[in-house]
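Please open the structure in your viewer and keep the selection tool at hand. The stops below go from one selection to the next, and each says what is to be found there.

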Amino acid sequence: MSKRVYNFSAGPAVLPEAVLEKAASEMLNYRDSGMSVMELSHRSGLFTEIITDAESSLRKLMNIPEQYKVLFLQGGASTQFAMVPMNLMKENKKADYVISGSWSKKAVKEAKSFGDVKIIADSSDSNFSYFPEFDDSMVRNDAAYLHVTSNNTIYGTQKMALPNISIPVVSDMSSSILSEPINVEDYGIIYAGAQKNIGPAGVCIVIIREDLITENESIPTFFNYKTHADNASMFNTPPTYGIYIAKLVFEHVLSLGGVNAMEEINRRKSKLIYDAIDHSNLFKAHVENVKDRSLMNIPFFTDNEEVNQKFLKEAAAEGMVTLKGHRSVGGMRASVYNAMPESGCIRLADFITEFDRENS
Ligand code: PMP
């Protein structure tokens, strides 16, 4: 294939072209070292500079206060499903969870191995087509934390602004981090797999309030947050190349005006596609309630499977790929992370409108 496509994958996902070009230009000889970043020792000065710069750019982007540590870990967001309860469910062994999709259900499954889990809100009754409401009166005051998933990648719902909660909030932000501003101080822990808005798969970002990092002899060394906090994410060999790409992405987002600019663009992008779906005869959005709609993932479908397949085939022929929906929703899903250009959303919205005209 001689040209790039519009890649609507839910993750690993599209990366900014400028970042890929920069990485390509530095591939064989990084800063006159005669080596690629992949070949640098993680203890070298050049790599130390990369990870330090990555952290300081992320701190700037998210306005992360001093009393939070930033960790670059491996194991994906799925490892955090277990690390969070392992580290936080200590004395009272209680934690509260909001179930808003398959990923939060997986997080609950892991937490149940470590203690008493209470589900305070759940939207499984309608195949997660809305974000369940919750407030402070529903959480147990003696629970170690409340776990939420800010954006549900499969179902296309999100809740970025939280009600005031008295216990630490832990949020899985894998598919929404950096898509709009959030107040880090509202959270005890934020974690996110990199492969949507940050970089390649293999890096997981954890932003953790220092008082939640404690000694705990009963946890295997690698799974203790303290191990990684005390060693500046270099307890063992970190995913060096992924961290380098993340650094380039953070710098790129800063150059575009940071997360405020991202939010403005992301709102425009998702509106273009939702407007085309909502104004069509054929297509329906999985999430009807506008206030629950994700800016990042847009699941939609027609009620005829043959028509869905025709849409996917014709879209791919026009250079719009990876639009097939997750099997638990079916139909189509457009993931429009930060790196999806506005032109891709305009193209998809126009295509939805044309296809609707020709096939309804
Ligand atoms: N949480 C959410 C919201 C996700 O979308 C995903 C992956 N798509 C995960 C967790 C799991 O991430 P990983 O594959 O990095 O373990």
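Select the ligand together with its shell, and colour the shell by class: three residues are nonpolar, eight are polar and two are charged (Ala, Val, Leu, Ile, Met, Phe, Trp, Tyr, Cys and Pro count as nonpolar, Asp, Glu, Lys and Arg as charged, and the others, Gly among them, as polar). This is a predicted model, in which local features need pLDDT of at least 70 and side-chain atom pairs count only at pLDDT 80 or more, while totals for chains, interfaces and linings use all residues. Residues are numbered from 1 along each chain as its sequence is written, and side-chain values use heavy atoms, with hydrogens and water left out.

Staying with the ligand, you will find 13 residues around it, the closest being S78, T153, D172, Q195 and K196 (a residue is near a molecule if one of its heavy atoms lies within 4 Å of it). Helix α3, residues 76–88, contributes the most to this shell, with four residues; helices here are DSSP runs of H or I with at least four residues, strands are runs of E with at least two, and both are numbered from the N terminus.

Next, show the polar contacts, which are pairs of N or O atoms within 3.5 Å. A polar backbone atom of A77 is 3.0 Å from an oxygen atom of the ligand, and a polar side-chain atom of Q195 also lies 3.0 Å from a ligand oxygen, whereas for an N or O atom in the side chain of W103 the distance to a ligand oxygen is 3.4 Å.

Now select helix α7 (residues 258–278) and helix α9 (residues 342–359), which pack at an angle of about 10 degrees with their axes 8 Å apart; axes are lines fitted to C-alpha atoms over the stretch in contact, and angles run from 0 to 180 degrees between N-to-C directions. The two helices, α7 and α9, are therefore roughly parallel to each other, a term for angles under 35 degrees.

Finally, go to the peptide bond between G11 and P12, which is cis, with omega about -5 degrees; P12 sits in the loop between β1 (6–7) and α1 (17–25).

Definitions and conventions. A polar contact is a pair of N or O atoms within 3.5 Å; within protein, one must be able to donate a hydrogen and the other to accept it, and residues adjacent in sequence count only if both atoms are side-chain atoms. Angles under 35 degrees count as roughly parallel, over 145 as roughly antiparallel, 65 to 115 as roughly perpendicular and the rest as oblique.
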